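Student: I would like to learn how to read side-chain features in a model. Can we go through them one by one?

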Amino acid sequence: VMENALVLAPEFMNYDQAIVKAWSETYDVTLINNEKYLYTILNGIQKSFFKQLGMFLNRKLGRKDRYYDMLQTKYYGEYLQELGNKNYQKIICINGHCMPDKFYETLRKRNPDAKMILYLWDDISNLLKHTHFSYFDQVYSYNLDDCKEYSLQYMPMMTQNKWMGHGSVDKYDIAIIGTAHPDRLEEARKIYQKYREKYRFYIYFYHPDKTIDFFGHRTPLSYEEYVNILRQSSAVLDLPFREQKGLTTRPFDALLTETKVITSNANIRRYPVYSGNIMIIDWDDPEIPETFIRQSYQQNDRRVLNAEEWLKEIFKD
């Protein structure tokens with residue numbers, strides 16, 4: 001009889017499915033979208049004067065985490081129903097900031113012998129809360145600074161595939177692919193306007209609720225479509241949140257496709273993906289020299305973990 005494993009993860013470019021697939025031969029896997037109500041919560045605050053007032057007061061009182069947890073509690077019963085009556089031996093949670101603490105408390109009580117791991121692929125400052133950290137046996141983060149400040153363990157992002165290599169001919173000079181947050185849109189527009197006559201661009205911005213007027217789409221690219229574009233691009237433009245310190249998935253995927261990286265995140269120098277294939281640009285005055293775009297990809301010893309290897313590393317005793 002197979003043991004049971006639980007995956008609590010956002011629906012993001014099939015990373016949730018990659019984790020399920022990596023475990024599916026060994027475990028009976030249950031997958032729950034743990035950010036199902038993220039936009040509902042945020043839009044609810046935006047549209048309600050009283051919720052905005054509550055948010056303001058709780059921020060002032062240092063109770064922001066508890067306020068968000070209160071707003072999430074209404075979804076407790078639905079998440080509990082999705083669990084079913086299984087007992088889980090392994091539990092992996094990604095971010096987890098959109099589920100009520102009461103859910104984690106119940107999960108822990110029901111599965112006292114389970115190994116519960118939390119992995120953060122966003123900066124802690126960008127999470128709605130972090131009161132749920134205490135329910136897990138181990139908390140890993142992709143962010144070296146957060147690891148130091150909160151005494152967490154560092155773990156780089158996984159990739160969904162093994163090495164794929166680059167295409168024979170580049171169709172694009174610069175690929176820009178991502179969720180349409182305002183910082184990224186603003187910077188991408190600036191770069192596109194500056195270089196659209198010089199470089200060939202592939203641009204795809206995703207937002208589930210809005211039609212973006214700058215290469216916007218309401219459905220995300222599949223992971224396969226995304227990496228196929230990387231294989232046909234000289235470089236991928238990486239534009240995280242302006243204050244983000246941890247790395248996005250792009251530099252890791254770019255290793256698999258042998259694609260160069262242009263990034264606004266200067267912290268990348270400190271991470272195990274950094275090489276001569278990465279160029280750091282200034283957010284306020286981005287310069288992308290043709291020498292970098294035209295230069296060949298430099299082979300190096302940088303490596304990444306695929307989903308199966310990543311899970312083994314996280315759950316090793």
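Student: Is Tyr-192 buried or exposed?

Tutor: First, this is a predicted model. The cut-off for buried is under 20% relative accessible area. Tyr-192 has 17%, so Tyr-192 is buried.

Student: Which residue forms an aromatic pair with Tyr-192?

Tutor: Start with the general idea. A pair of aromatic rings is described by the distance of the centres and the angle of the planes. Here Tyr-192 pairs with Phe-201. The centres are 5.3 Å apart and the planes stand at 80°, which is edge-to-face. Phe-201 is buried too, with a relative accessible area of 15%.

Student: How many aromatic pairs does the structure hold?

Tutor: There are 19 aromatic pairs. One of them joins Tyr-119 and Trp-310. Read the two values again: 4.8 Å centre to centre, and 85° between the planes. That pair is edge-to-face.

Student: Where do Tyr-119 and Trp-310 lie in the chain?

Tutor: Tyr-119 is in strand 4, residues 115-120. Trp-310 is in helix 12, residues 307-314. Now check accessibility. Tyr-119 has a relative accessible area of 0%, so Tyr-119 is buried. Trp-310 is at 1% and counts as buried.

Student: Which residues form one aromatic cluster?

Tutor: The cluster consists of Tyr-37, Tyr-75, Tyr-79, Phe-103, Tyr-104, Tyr-135 and Phe-136.

Student: What sits over the ring of Tyr-76?

Tutor: The charged end of Lys-102 does, 4.4 Å from the ring centre. A second case is Lys-260. Lys-260 lies over the face of Phe-292, at 5.3 Å from the centre of the ring.

Student: Let us turn to salt bridges. How many salt bridges does the structure hold?

Tutor: The structure holds 20. Take Asp-137 and Arg-108: their side chains meet at 3.0 Å, N to O. Asp-137 lies in the loop between strand 4 and strand 5 (138-141), and Arg-108 lies in helix 6, so this pair ties together parts 29 residues apart in sequence. Asp-137 is at 44% relative accessibility and counts as partly exposed.

Student: Which residue meets Arg-250 in a salt bridge?

Tutor: The partner of Arg-250 is Asp-238, at 3.0 Å, N to O. Arg-250 lies in helix 10 (residues 250-257) and Asp-238 in strand 10 (residues 233-238), so the pair ties together parts twelve residues apart in sequence. Both Arg-250 and Asp-238 are buried.

Student: Is Asp-301 buried or exposed?

Tutor: Asp-301 is at 58% relative accessibility, so Asp-301 counts as exposed. Asp-301 is found in the loop between helix 11 (290-294) and helix 12. Asp-301 forms a salt bridge with Arg-302, the closest N and O atoms being 3.0 Å apart. Arg-302 counts as partly exposed, at 30%. Sequence and space can also be read side by side. Asp-301 and Thr-159 are 142 residues apart in sequence and 16 Å apart in space, C-alpha to C-alpha.

Student: Which residues are linked in a network of salt bridges?

Tutor: The network links Asp-173, Lys-198, Arg-200, Glu-290 and Arg-294.

Student: Now polar contacts. Which backbone nitrogens does the side chain of Asn-33 reach?

Tutor: The backbone nitrogen of Glu-35 lies 3.0 Å from a polar atom of the Asn-33 side chain. The side chain of Asn-33 also reaches the backbone nitrogen of Lys-36, at 3.4 Å. Asn-33 itself lies in strand 2, residues 27-33. At 17% relative accessibility, Asn-33 counts as buried. Leaving aside residues up to four places away in sequence, Asn-33 touches Ala-9, Pro-10, Glu-11 and Tyr-79.

Student: Last, a helix. Which residues are buried in helix 4?

Tutor: A general point comes first. An α-helix has 3.6 residues a turn, so residues three or four places apart point the same way. In helix 4 (residues 64-72), the buried residues are Asp-65, Tyr-67, Tyr-68, Asp-69, Leu-71 and Gln-72.

Student: What covers the buried residues of helix 4?

Tutor: The cover includes helix 2 (38-47), helix 3 (49-60), helix 5 (76-83) and helix 6 (101-110).

Technical notes
Residues numbered from 1 in each chain as written. Predicted model: local features only at pLDDT ≥ 70, side-chain atom pairs only at ≥ 80, totals over all residues. Heavy atoms only, no water. Phe/Tyr/Trp six-rings, centres within 6.5 Å; stacked < 30°, edge-to-face > 60°. Helix = DSSP H or I, 4+ residues; strand = E, 2+ residues; numbered from the N terminus. Buried < 20%, exposed > 50% of the residue type's maximum accessible area, 1.4 Å probe, protein only. Lys NZ or Arg CZ within 6 Å of the ring centre and 35° of its normal. Polar contact = N/O pair within 3.5 Å; in protein donor to acceptor, adjacent residues only side chain to side chain. Contact = heavy atoms within 4.5 Å. Salt bridge = Lys/Arg side-chain N within 4 Å of Asp/Glu carboxyl O.
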